[in-house]
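Visitor: Could you bring up the model, so that we can go through a few of its details together?
Guide: Of course, here it is.

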Amino acid sequence: MKQLMIVVLMAMLGLATQTSNAQGVSISESDTTAATSSILDVTSTTKGVLVPRLTTTQQNNIESPATGLVVYNTTESNFFFYNGSAWEEVGIGKSSSTAELELESTTKGFLPPRMTTTQRDAISSPDTGLVIYNTTTNKLQCYNGTSWNDLF
């Protein structure tokens, strides 16, 4: 019996070693192969991925978090990733204390929603300050609280 247990343990160790050296793992609803550049390839047209869900206290208690580690913080209701020295919130409006959205680039521009006048007028109760590019008039427009005005 003891010899059988040793054989089983050795077989399991061999399987674990073989699995850890795999070049890519595919988890899918069909029999697909993992993308060659991916260690994990999750494919589905009907399901998502759940990352670990932690409170702020639980997140801050992770010992030596790996750079790039991602969690969903249930206290803040947002995703966070570890940048190697601190946790950073993922999403819009997180890099500037006075701006809800900050776009940074020296090689790309900002492209607002493009729509016709008819589509623009179909927006029910637009917020003051809403900006669109009107493809009927070829103008950038802003809603001032009562009407749409051309910006340029």
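Guide: A place to begin is aspartate 121, which forms a salt bridge with arginine 120, the closest N and O atoms being 2.8 Å apart; a salt bridge here is a side-chain nitrogen of Lys or Arg within 4 Å of a carboxyl oxygen of Asp or Glu. This is a predicted model, in which local features need pLDDT of at least 70 and side-chain atom pairs count only at pLDDT 80 or more, while totals for chains, interfaces and linings use all residues. Residues are numbered from 1 along each chain as its sequence is written, and side-chain values use heavy atoms, with hydrogens and water left out.

Visitor: How many salt bridges does the structure hold?
Guide: The structure holds one.

Visitor: And those two partners, are they buried or exposed?
Guide: Arginine 120 is buried, at a relative accessible area of 10%, whereas aspartate 121 is partly exposed at 47%. Buried means under 20% relative accessible area, exposed means over 50%, and partly exposed lies in between, with a 1.4 Å probe and protein chains only.

Visitor: Switching to the sheet, what is the strand order?
Guide: The order is β7-β8-β9-β10 in an open sheet of four strands with mixed pairing. The edge strands are β7 (114-115) and β10 (148-150), each of which pairs on one side only. Strands are DSSP runs (E, at least two residues) numbered from the N terminus, and two of them pair if DSSP finds at least two bridges between them.

Visitor: In which sense do β8 and β9 pair?
Guide: Strand β8, residues 131-134, pairs with β9 in the antiparallel sense over four bridges, and isoleucine 132 stands opposite glutamine 141 in β9.

Visitor: What does leucine 140 touch?
Guide: Leucine 140 lies in β9 (residues 139-143) and is partly exposed at 21% relative accessible area. Leaving aside neighbours within four places in sequence, its contacts (heavy atoms within 4.5 Å) include Val131, Ile132 and Tyr133, as well as Leu151 and Phe152.

Visitor: How far is leucine 140 from proline 113?
Guide: Their C-alpha atoms are 9.9 Å apart in space, and the two residues are 27 apart in sequence.

Visitor: Last topic: which residues form the nonpolar patch on the surface?
Guide: Val25, Ile27, Ile39, Leu40, Val42 and Val49 form it, with about 550 Å² of accessible area together. β1 (25-28) and β2 (40-43) each supply at least two of the patch residues; isoleucine 27, in strand β1, is partly exposed at 48%. Such a patch takes residues with over 30% relative accessible area and no salt bridge, joining nonpolar side chains (Val, Leu, Ile, Met, Phe, Trp, Tyr) within 5 Å and like charges within 9 Å, and accessible areas come from the Shrake-Rupley method with a 1.4 Å probe, where for residues only the protein chains shown count as cover.
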